[in-house]
Each structure stands twice: as structure tokens, then as C-alpha cells.
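Open the model in your viewer and keep the selection tool at hand. We will stop at a few places, and at each one you will hear what to select and what is there.

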Amino acid sequence: MNIHQKYILRCIELAKKGLGTTAPNPMVGSVIVHNEKIIGEGFTSPYGGPHAEVNAINSVVDKTLLASSALYVTLEPCSHYGKTPPCADLITQYNIPEVYIGLRDPHDKVAGKGIQKLEESGCKVHVGILEQECREHHKRFLTYQEKKRPYIILKWAETQDGFLAPDPSKRKMNPEPYWITNAYSRQLVHQWRSEEQAILVGTNTVLADNPKLNTRDWEGKNPIRVVLDKDLKIGTDFNVLDKSVKTVVITQVSDRSKYLNGVDYAVIDFSKPLADQICQVLHQHSITSVLIEGGAKTLQLFINEGLWDEARVFVGQTRFESGIPAPKIVGKLKSTQNIVSDTLSIYTHD
């Protein structure tokens with residue numbers, strides 16, 4: 001590994017500090033190097049705030065050093081006005097002579113224009129430093145830009161005997177939650193919720209469990225809630241409609257008089273394949289990543305249509321003997337780890 005790759009690795013490390021706060025912007029990291037010494041670092045601020053390059057430049061104490069420094073960044077600097085001015089303009093303003101970029105930005109407003117602007121100002125630009133590592137890091141943003149859908153993470157917990165939930169008759173006798181995993185796994189799920197832009201569940205999950213879908217067991221931003229509710233069966237007394245965070249209800253009911261103020265609604269055709277239509281709705285809401293927590297029918301929708309990128313599957317110590325079977329998935333096993341008594345397997349969809 002050469003020194004330029006090491007600096008890009010540091011950029012990736014910094015960029016991860018923006019996980020869960022920058023979307024729909026990418027989480028970018030940047031370092032500034034003078035005479036083989038890092039003199040500035042930055043990562044993307046929460047959405048609407050300064051980008052990584054701006055934060056890195058602002059962190060340099062002696063700005064006169066910038067004219068003889070190199071800037072490293074995971075993704076091509078922007079060249080357009082959005083919530084903030086173009087980063088490429090600031091780089092040229094300080095006459096930074098050399099820029100090392102991990103990855104070109106596929107966004108149609110950038111897509112090489114940032115590189116072009118830098119080169120036209122006389123800056124020497126190097127592109128493709130640890131490109132695969134940068135692609136992996138920017139997987140949410142790239143999926144949104146290139147596939148026009150969010151990065152999709154399926155998550156469920158199943159029992160030792162392969163069930164997602166107990167037999168409905170058990171719930172009638174005892175409506176209390178039937179936990180499959182331990183408290184540590186449940187806390188990890190709340191961390192995941194804070195890292196993704198949205199969380200999605202189906203009607204049956206809401207009616208059975210009345211979930212809050214928030215991050216109460218982890219410090220972080222609550223995700224946008226997305227609920228499939230074909231016939232608007234979910235009443236206002238359910239937690240998902242408490243308006244505490246942005247909520248999108250996907251339904252077939254077009255009668256707006258049945259809609260709640262403060263809740264977003266999207267109408268789709270439930271007689272046609274659903275996962276692709278759901279992805280279109282999420283893309284329209286600028287949602288770059290979604291954690292799909294169930295239930296079984298909802299998870300299976302995305303599996304059947306091949307619309308998923310990761311699956312995170314817990315196996316707990318519980319046994320139900322009968323109930324709702326867990327989904328079956330075919331993917332590449334990326335990792336397995338024990339979380340005390342639970343086993344977590346992560347699969348990728350190649």
C-alpha cells in the first residue's frame with residue numbers, strides 16, 4: 001500500500017463519522033497533507049452543513065500552507081450550488097495544487113464536472129485511489145444514484161427452529177412481545193436504525209407489535225418510518241402514526257379524506273409487483289438507504305423481486321415449535337459473529 005492509499009484510507013475512516021446524519025448527501029472524508037504531514041481533516045456535516053473538503057480546509061490553522069499542499073477526498077468534489085457552494089471552487093480559491101480522489105461522483109450535477117473545474121484551474125488531479133474501497137464505503141449513495149433506488153438492508157431474527165414469529169393463536173392467549181434475540185442484539189438493531197435513513201415494515205407487524213421504530217436504545221437520529229398499509233387498517237392509536245418523526249404510508253387508498261395531517265401518503269398498485277414500486281416511492285422521497293424489518297410477507301416481497309443489497313439475520317436461542325416461518329434467502333455470506341447467545345449472519349446480494 002502506497003502513501004496515497006493510506007491517506008485515502010484515513011479519509012474513509014473520517015467519513016464514517018457522518019453515518020446516519022449526512023443523507024441524502026454522501027458521507028465523504030477528506031485530509032490535507034503538507035510535506036507528508038496531515039495538517040487538516042474533515043468529514044461531511046449533517047445534511048445542509050459544510051462538506052468534507054470545506055471542513056478539512058477550515059481545520060487548517062495556517063492557510064498559507066494550502067498553496068503547497070495536497071487534498072485527499074473519497075469522492076469527487078462537487079461543482080454545483082446546492083445547500084452549500086461548490087467545494088471545487090473553494091479548493092481552487094486556496095490554490096491547492098494537487099487533489100487525490102477515490103471515486104468519481106455519478107450524480108448528474110457532478111459526474112466529472114468537479115474534476116474538470118479543478119483541472120481547468122491548473123490543479124493536478126488523480127482519480128481512482130482505492131476505488132473499490134471507496135465504492136464499498138459510498139454504497140448507499142452510489143446505489144441511489146446508479147440504480148435509482150435506496151440501498152436495501154433486510155433484517156430479521158429467527159428462532160432455532162426457523163420461525164420469525166409465534167403462531168397467532170399464542171398471541172391471542174398472551175399478547176406480550178415474543179423476543180427472539182437478547183438485549184445486546186436489540187440494542188445493535190437500534191444502532192443500525194440510527195445509521196440508515198429509513199425503516200420499513202408491513203401492516204401485520206404494526207398491528208401485532210405496535211412498534212415505535214425509533215432509536216430509544218441508542219443515541220442517534222430516528223429514521224424516517226415507512227409503513228405498508230394497503231387498506232389503511234392502522235388506527236391513529238398506533239405508535240407509527242404519532243407524527244414524532246417523518247412517516248410515509250404506502251397504500252392503495254386514494255381517498256385523501258382518509259389521510260392524516262402530518263403524515264405523507266403514496267398510492268401504488270397492489271395488484272402489481274410491490275418492491276419495485278416501493279423503491280420508486282422511496283427514491284422520490286430522496287431516501288438513500290432503508291432498513292426493512294418485516295414482517296415475513298414484506299421481507300419476502302423484496303427477496304422475490306431480487307431487490308436487496310444486504311441481509312442481517314439473527315438466530316436466537318428461542319424455539320417456537322410452530323409459527324410464521326422465516327424467509328429463505330440465497331446470498332453470499334459476508335460475516336458471522338456471536339452476540340452473547342445470539343448468532344448474527346450478514347449476507348450480500350451479488
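Select Asp309: this residue is buried, with a relative accessible area of 10% (buried means under 20% relative accessible area, exposed over 50%, partly exposed in between, with a 1.4 Å probe and protein chains only). The side chains of Asp309 and Arg149 meet in a salt bridge (2.8 Å, N to O); the term stands for a side-chain nitrogen of Lys or Arg within 4 Å of a carboxyl oxygen of Asp or Glu. Asp309 sits in the loop between α11 and β13, and Arg149 in the loop between α6 and β6, so the pair ties together parts that are 160 residues apart in sequence. Helices (H or I, at least four residues) and strands (E, at least two) are DSSP runs, numbered from the N terminus.

A word on what you are viewing: this is a predicted model, in which local features need pLDDT of at least 70, side-chain atom pairs count only at pLDDT 80 or more, and totals for chains, interfaces and linings use all residues. Residues are numbered from 1 along each chain as its sequence is written, and side-chain values use heavy atoms, with hydrogens and water left out.

Next, select Glu293 and Lys155. Their side chains form a salt bridge too (3.6 Å, N to O), and both residues are buried. Glu293 belongs to strand β12 and Lys155 to strand β6, 138 residues apart.

How are β6 and β12 joined? They run parallel, with four bridges between them. Look for Ile152, which stands opposite Val290 in β12.

Now show the whole open sheet of nine strands, in the order β11-β10-β9-β8-β12-β6-β13-β16-β15, with mixed pairing (two strands pair if DSSP finds at least two bridges between them). At the edges are β11 (264–267) and β15 (332–339), each pairing on one side only. On average, neighbouring strands of this sheet are turned by 20° against each other, direction ignored.

Stay with the sheet and pick Ser345 in strand β16 (residues 342–348). At 13% relative accessibility, Ser345 counts as buried. Leaving aside neighbours within four places in sequence, Ser345 is in contact (heavy atoms within 4.5 Å) with Ala311, Arg312, Val313, Leu333, Ser335 and Thr336.

Move on to helix α11 (residues 296–304). Which of its residues are buried? They are Thr298, Leu299, Phe302 and Ile303. Viewed down the axis of α11, these fall within an arc of 140°, so they line one face of the helix; the arc is that of the directions from the helix axis to the C-beta atoms. The face turned away from this buried side carries the exposed residues Lys297 and Asn304. After α11 comes Gly306, with a positive phi near 65°.

For comparison, select helix α4 (residues 113–120), where Gly114, Ile115 and Leu118 are buried. Here the buried residues lie within an arc of 100°, so they line one face of α4. Their cover includes α3 (87–93), β4 (98–103) and β5 (124–127).

For the last stop, select Glu136, Lys139, Glu310, Arg312 and Lys334, which are linked in a network of salt bridges. Within it, the side chains of Glu136 and Lys139 meet (3.2 Å, N to O). Glu136 counts as partly exposed at 41% relative accessibility, whereas Lys139 is buried at 14%. A search of the whole structure finds 14 salt bridges.

How values were computed:
Axes are lines fitted to C-alpha atoms, for helices over the stretch in contact, and angles run from 0 to 180 degrees between N-to-C directions.
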